[in-house]
Amino acid sequence: MEKKATRIGFSEEMVILGKEMKNIIVIDADLGKSCKSDKFGAAYPEREINVGIAEQNAAGIAAGLATLGKIPFVVTYAIFASLRMGEMVRQEIAYPRLNVKIIGSHGGMSPARDGASHQAVEDMGVMRTIPNMTVIMPADYWSARKLTRAVAKFDGPVFIRFTRDSIPIIYDDSIEFEIGKAHVAREGKDVAIIANGDTVHIALDAAKKLEAENISAKVLDMHTIKPLDVDAVKDCIENIGKIITVEDHNIINGLGSAVCEVVAETGKGKVKRFGIQDQFGESASYERLIEKNGITVGAIVQTAKEMQA
């Protein structure tokens with residue numbers, strides 16, 4: 001299966017968008033090469049600003065540009081976008097609901113050998129608690145391209161998270177995504193697996209394994225965790241009743257928490273969460289780190305079988 005990092009999809013779509021939308025400006029925190037926004041800068045040097053290692057300044061500059069009708073994309077690592085920039089994002093971007101796009105590359109365990117300092121496991125949770133903020137994570141190269149385009153057209157602050165490492169390509173150019181609307185990656189009736197980002201392919205592999213054991217698994221690509229597609233979750237609750245969430249993020253305050261909030265309010269169904277086990281990352285291969293946190297096909301399959309009892 002072909003693999004590409006979602007940051008590559010972002011990079012390639014931004015060059016196309018730059019030609020179509022002259023008001024897009026990229027603000028780099030001296031990480032353009034790593035985050036792949038350097039391609040935009042090479043194509044449109046007059047619309048790329050490198051502020052140096054100064055994410056907080058980048059947020060303020062982006063807010064100012066947004067008041068002038070520009071569409072600023074602040075590009076850095078997800079850990080810095082969510083935590084180092086946190087107060088500025090809240091006060092200067094989200095509170096006045098300015099049209100700023102915050103690009104968090106190197107999300108989750110994908111920085112791998114860079115270790116805990118660069119691995120963002122709490123970023124989406126932090127961002128989803130900020131009012132007016134939309135929070136997205138694409139599942140592969142093509143969804144990264146399509147959702148980058150959707151984000152550019154969307155009016156309002158957005159945090160969109162990409163991977164450093166390559167992950168399997170599961171979609172093609174024909175796929176379309178709507179912000180706030182879950183994509184049904186696979187139909188099923190016995191268990192619902194709700195995943196996002198780099199774990200969607202794991203969910204799909206688990207569904208295939210389950211099919212061989214006569215268990216029909218529905219897979220939802222919940223690329224937008226805020227606003228969550230509540231109707232899609234409620235449909236899983238009403239028609240299936242058994243839900244597994246899978247994410248490359250702390251199991252606290254991420255996708256699993258968002259789904260559990262809906263389940264708790266309905267008073268029906270049961271949920272098992274797979275994700276980072278409320279701990280910091282460490283230096284190892286991406287695959288090893290995911291496995292160490294129990295985010296595996298085998299574990300998902302076993303849990304789905306137990307839920308059938």
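Colleague: Which element gives the most to the lining of the largest pocket?

Modeller: This is a predicted model, and in it α12 gives the most to that lining, with four residues.

Colleague: What is the volume of the largest pocket?

Modeller: The volume of the largest pocket is about 220 Å³. It has 14 lining residues, and the closest to its centre are His201, Ile202, Tyr286, Glu287 and Ile290. Elements that give two or more residues to the lining are β8 (167–168), α9 (200–211) and α12 (286–292).

Colleague: How do the residues of the lining divide into nonpolar, polar and charged?

Modeller: For the largest pocket, seven are nonpolar, three are polar and four are charged.

Colleague: Now the closed spaces. How many cavities of 30 Å³ or more does the structure hold?

Modeller: One cavity reaches that size. The largest cavity has a volume of about 40 Å³.

Colleague: Which residues line the largest cavity?

Modeller: The lining consists of Met109, Ile276, Gln279, Phe280, Gly281, Glu282, Leu289, Lys292 and Asn293. By type, that lining has four nonpolar, three polar and two charged residues.

Colleague: Different topic. What does α11 reach from its first C-alpha to its last?

Modeller: Helix α11 covers residues 255–266, 12 residues in total, and reaches 17 Å. That is close to the 16 Å expected at 1.5 Å a residue.

Colleague: And which residues in α11 are buried?

Modeller: The buried ones are Leu255, Gly256, Ser257, Ala258, Val259, Val262 and Val263.

Colleague: What covers the buried residues of α11?

Modeller: The cover includes the helices α7 (123–128) and α10 (230–239). It also includes the strands β10 (191–195), β12 (224–226), β13 (242–250) and β14 (270–276).

Colleague: Which residue follows α11?

Modeller: Gly267 comes after α11, with a positive phi near 75°.

Colleague: On to cysteines. How many disulfides does the count come to?

Modeller: The count comes to zero. Cys236 is in no disulfide, and the nearest cysteine sulfur, that of Cys260, is 13 Å away. Cys260 is likewise in no disulfide, with the sulfur of Cys236 as its nearest cysteine sulfur. A pair would need its sulfur atoms within 2.5 Å to count.

Colleague: Is Cys236 buried or exposed?

Modeller: Cys236 is buried, at 0% relative accessible area. Cys260 counts as partly exposed, at 27% relative accessibility.

Colleague: Backbone next. Which peptide bond is cis, with omega near -5°?

Modeller: The bond from Lys226 to Pro227 is cis, with that omega. Pro227 lies in the loop between β12 and α10.

Colleague: What is the phi of Asn132?

Modeller: Asn132 has a positive phi of about 75° although it is not a glycine. Asn132 sits in the loop between α7 and β6 (134–136), and it is partly exposed, with a relative accessible area of 38%.

Colleague: And where does Asn253 lie?

Modeller: Asn253 is in the loop between β13 and α11. The phi of Asn253 is positive too, near 75°, in a residue other than glycine. Asn253 has a relative accessible area of 24%, so it counts as partly exposed.

Terms used
Residues numbered from 1 in each chain as written. Predicted model: local features only at pLDDT ≥ 70, side-chain atom pairs only at ≥ 80, totals over all residues. Heavy atoms only, no water. 1 Å grid on protein atoms, 1.4 Å probe; cavity = no way out; pocket = protein on both sides within 12 Å on 5 of 7 lines; lining within 4 Å. Points joined across faces, edges and corners; volume = space filled by probe spheres on them. Nonpolar A, V, L, I, M, F, W, Y, C, P; charged D, E, K, R; others polar. Expected span 1.5 Å × (residues − 1). Buried < 20%, exposed > 50% of the residue type's maximum accessible area, 1.4 Å probe, protein only. Contact = heavy atoms within 4.5 Å.
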